[in-house]
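Welcome! Please take a moment to look over the sequence and the model below, and then let us walk through them together.

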Amino acid sequence: MGLEGVEPSSFMADFLAGCGGYAVVDGGLATELERHGQDLNDPLWSAKCLISFPQLVRRVHLDYLEAGANVIIGASYQATIQGFEAKGLSIEEAETLIKRSVEIACEAREIYLQRCAKGYWDFLDSPKIDRHPVLVAASVGSYGAYLADGSEYSGNYGASVTLETLKEFHRRRLQILANSGADLIAFETIPNKLEAQAYVELLKEENIDIPAWFSFSSTDGTNVVSGDPITECAKIADSCSQVVAVGINCTPPRLIHGLILSIRKVTNKPVIIYPNSGETYNGETKQWEKTRGETEEDFVSYVGKWRNAGACLYGGCCGLLLTPLELYQGFSLTNLSEIFFFPPCNGQQKSTNESGLFLL
């Protein structure tokens with residue numbers, strides 16, 4: 001995508017500059033797959049579709065690109081060698097599917113870029129949308145995501161799970177994803193300091209030569225889900241030169257503003273946020289449930305506040321029941337006009353096309 005050979009220290013800054021100061025990440029891939037009729041109540045979650053319906057995964061990636069996303073995240077969040085083996089696949093088949101998660105996202109990007117080059121666009125009869133920079137991120141979910149018991153939302157793995165346990169669990173998958181053609185690695189929904197430290201050590205031990213971002217999850221707006229302070233977790237991410245952005249995902253929108261401010265106290269790296277719908281995951285029923293006594297504003301109404309707090313990359317996660325078009329129509333000049341009273345992250349002003357979508 002034009003950033004090959006760029007040092008990690010300037011990777012994200014260069015990318016954001018190419019986007020006009022801040023960028024849009026895709027929405028909840030699994031939520032969109034479910035909207036298209038897929039039953040993801042499975043230990044593999046969205047990675048199930050790598051086996052059963054890869055063409056739909058590609059279609060959803062392309063939908064997000066056509067709607068204006070600058071970053072699409074592959075379907076490898078819950079794609080692990082151990083998880084695929086439990087389904088009866090061989091190690092070789094599992095490794096192929098993990099790599100395939102990135103290849104599918106890259107194929108969607110290539111289709112999008114070819115359409116841009118040909119001047120083709122059939123986007124609900126709207127004017128042609130200008131080509132924008134696109135990154136493909138390879139997703140790494142937590143150890144708890146593999147367990148599929150809800151522990152990714154508590155960070156409580158038990159005393160038997162050590163730093164070395166986590167490193168050895170993630171090592172081979174990280175090796176595969178780092179050599180899959182992805183532009184960067186997205187370590188997502190990190191629930192505790194221990195796993196963040198495992199990722200930092202793995203990036204160094206395996207000499208991973210592509211950048212990464214770390215995004216944590218929280219249920220109280222101060223700590224990650226394990227109870228570890230977000231500031232301590234962000235410091236771990238900040239200590240690693242390969243980490244080019246730090247942030248929050250799969251967290252209620254009402255908590256994001258304070259978390260951004262906390263992260264900004266301990267790192268100058270760009271902040272990425274992609275919250276969920278505000279619901280709480282029930283590990284027993286495997287369902288998202290309404291949080292008692294809490295209500296959320298309209299998702300888009302938060303974005304200007306997040307920008308003012310210092311976030312540079314915005315997207316969505318689990319349960320946001322918006323189509324790609326609806327999500328990115330939300331990132332419009334009307335809804336985000338307050339942003340334009342403040343300079344974007346690199347001091348450049350953003351603009352919109354005739355449809356009101358940011359030219360990202």
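The paragraphs below go from the sheet to the helices and then to a single residue.

A word on the model comes before the tour: it is predicted, with local features needing pLDDT of at least 70 and side-chain atom pairs counting only at pLDDT 80 or more, while totals for chains, interfaces and linings use all residues. Residues are numbered from 1 along each chain as its sequence is written, and side-chain values use heavy atoms, with hydrogens and water left out.

Let us begin with the sheet. Strands of a sheet pair through backbone hydrogen bonds, either parallel or antiparallel. Here 8 strands form an open sheet with parallel pairing, in the order β1-β10-β7-β6-β5-β4-β3-β2. Strands (E, at least two residues) and helices (H or I, at least four) are DSSP runs, numbered from the N terminus, and two strands pair if DSSP finds at least two bridges between them. At the edges stand β1 (23-24) and β2 (71-73); each has a single partner strand, so one side of each is left without a neighbour in the sheet.

Which helix does α6 pack against at about 45°? The partner is α8 (residues 163-178), and the two axes are 9 Å apart. The pair is therefore oblique, the term for angles that are not under 35 degrees (roughly parallel), over 145 (roughly antiparallel) or 65 to 115 (roughly perpendicular). Among the residues that meet here are Ile-98 and Val-102 in α6 and Ile-176 and Leu-177 in α8.

Another pair is α9 (residues 193-205) and α10 (residues 230-238), packed at about 5° with their axes 9 Å apart. That makes α9 roughly parallel to α10. The residues making this contact (heavy atoms within 4.5 Å) include Val-200 of α9 and Ile-236 of α10.

Finally, visit Val-244 in strand β6 (residues 243-249). Is Val-244 buried or exposed? At 4% relative accessibility, Val-244 counts as buried (under 20% relative accessible area, with exposed over 50% and partly exposed in between, using a 1.4 Å probe and protein chains only). The C-alpha atoms of Val-244 and Ser-10 are separated by 8.2 Å, although these residues are 234 apart along the chain.

Technical notes: Axes fitted to C-alpha atoms, helices over the stretch in contact; angles between N-to-C directions.
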